[in-house]
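Please open the model in a viewer and keep the selection tool at hand.

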Amino acid sequence: MSDEKTPKGQLVIQILAMPADTNANGDIFGGWLVSHMDMGAAIAARRRAKSRVVTVAIDEMAFLKPVYVGDTVCCYADIVKVGHTSLKIKIEVWSMGLQTTDQKQVAQGYFTFVAIDEERKPHLVDR
Ligand SMILES: CC(C)(COP(=O)(O)OP(=O)(O)OC[C@H]1O[C@@H](n2cnc3c(N)ncnc32)[C@H](O)[C@@H]1OP(=O)(O)O)[C@@H](O)C(=O)NCCC(=O)NCCS
């Protein structure tokens, strides 16, 4: 049966979970997921700021359900706040097994980026 909820935001990453990405329990390692969430959020932040960005904070990271080898993992990005030089992006992670077309939400978190110039100094997002 489908989750009643549906993903919020723009699809920024779609990747297959592989055996090399597992933890000691044989499920997918949380750090692997966070790395892809950070990358997906960076794609959305760079697109919005039209410049380089760096991650300054990760908040309210939550792992809701396990991810298994062979699952298709999708990251959805929603820009929830644009500050002076910073952008806060909510990432929802949804996964889908091989035997089903139903997606379930497995993780979420808020990623804050700062837009930086060539000298790595913060600059206004809206210039
Ligand atoms: C990001 C960085 C350039 C910011 O430089 P800074 O001189 O500290 O900048 P500021 O204090 O002026 O903060 C810049 C913005 O970030 C926000 N910010 C800073 N720390 C924050 C935090 N912990 N959480 C949320 N926002 C934060 C500030 O509120 C400010 O937002 P605004 O301009 O929209 O109002 C600097 O901290 C840095 O280079 N950090 C390392 C980043 C990095 O390497 N990331 C990859 C990790 S492997």
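Begin at the ligand and select T55: one of its backbone N or O atoms is 2.9 Å from a nitrogen atom of the ligand. A polar contact here is a pair of N or O atoms within 3.5 Å; within protein, one atom must be able to donate a hydrogen and the other to accept it, and residues adjacent in sequence count only if both atoms are side-chain atoms. This is a predicted model, in which local features need pLDDT of at least 70 and side-chain atom pairs count only at pLDDT 80 or more, while totals for chains, interfaces and linings use all residues. Residues are numbered from 1 along each chain as its sequence is written, and side-chain values use heavy atoms, with hydrogens and water left out.

**The ligand and its shell**

Select H84 next; a backbone N or O atom of H84 lies 2.7 Å from an oxygen atom of the ligand. Then select T85, where an N or O atom of the side chain is 2.6 Å from an oxygen atom of the ligand. On its own the ligand has 970 Å² of accessible area, of which the protein covers 42%; such areas come from the Shrake-Rupley method with a 1.4 Å probe, and for residues only the protein chains shown count as cover.

Now display the residues around the ligand: V54, T55, V56, A57, G83, H84, T85, S86, T112, V114 and P122. Each has a heavy atom within 4 Å of the ligand. By class, this shell holds five nonpolar, six polar and no charged residues. In this count Ala, Val, Leu, Ile, Met, Phe, Trp, Tyr, Cys and Pro are nonpolar, Asp, Glu, Lys and Arg are charged, and the others, Gly among them, are polar.

Which strand gives the most to the shell around the ligand? It is β2, with four residues. Strands β2 (52-63) and β5 (104-116) each supply at least two. Helices (H or I, at least four residues) and strands (E, at least two) are DSSP runs, numbered from the N terminus.

**Two residues with positive phi**

Select K50, in the loop between α1 (30-49) and β2. The phi of K50 is near 55°, a positive value in a residue other than glycine. Move on to E60 in strand β2, which also is not a glycine and has a positive phi of about 55°. Most residues other than glycine have a negative phi. K50 counts as exposed because its relative accessibility is 68%; buried means under 20% relative accessible area, exposed over 50%, and partly exposed in between (1.4 Å probe, protein chains only). E60, at 60%, is likewise exposed.

**The nonpolar core**

Select I89, I91, V93 and F113, the residues with the most contacts inside the largest nonpolar core, which has 27 residues. Such a core is a set of buried Ala, Val, Leu, Ile, Met, Phe, Trp, Tyr and Cys residues joined through side-chain atoms within 4.5 Å. At least two residues each come from β1 (10-16), α1, β3 (72-82), β4 (86-96) and β5, and α1 gives the most, with eight.

Centre the view on V93. Beyond its neighbours within four places in sequence, V93 is in contact (heavy atoms within 4.5 Å) with residues including L33, M37, V73 and V106.

**Along helix α1**

Not counting residues up to four places away in sequence, G40 touches V12, I13, A77 and I91.

Finish at A44, also in helix α1. At 7% relative accessibility A44 counts as buried, and, with residues up to four places away in sequence not counted, A44 touches A77, I79 and I89.
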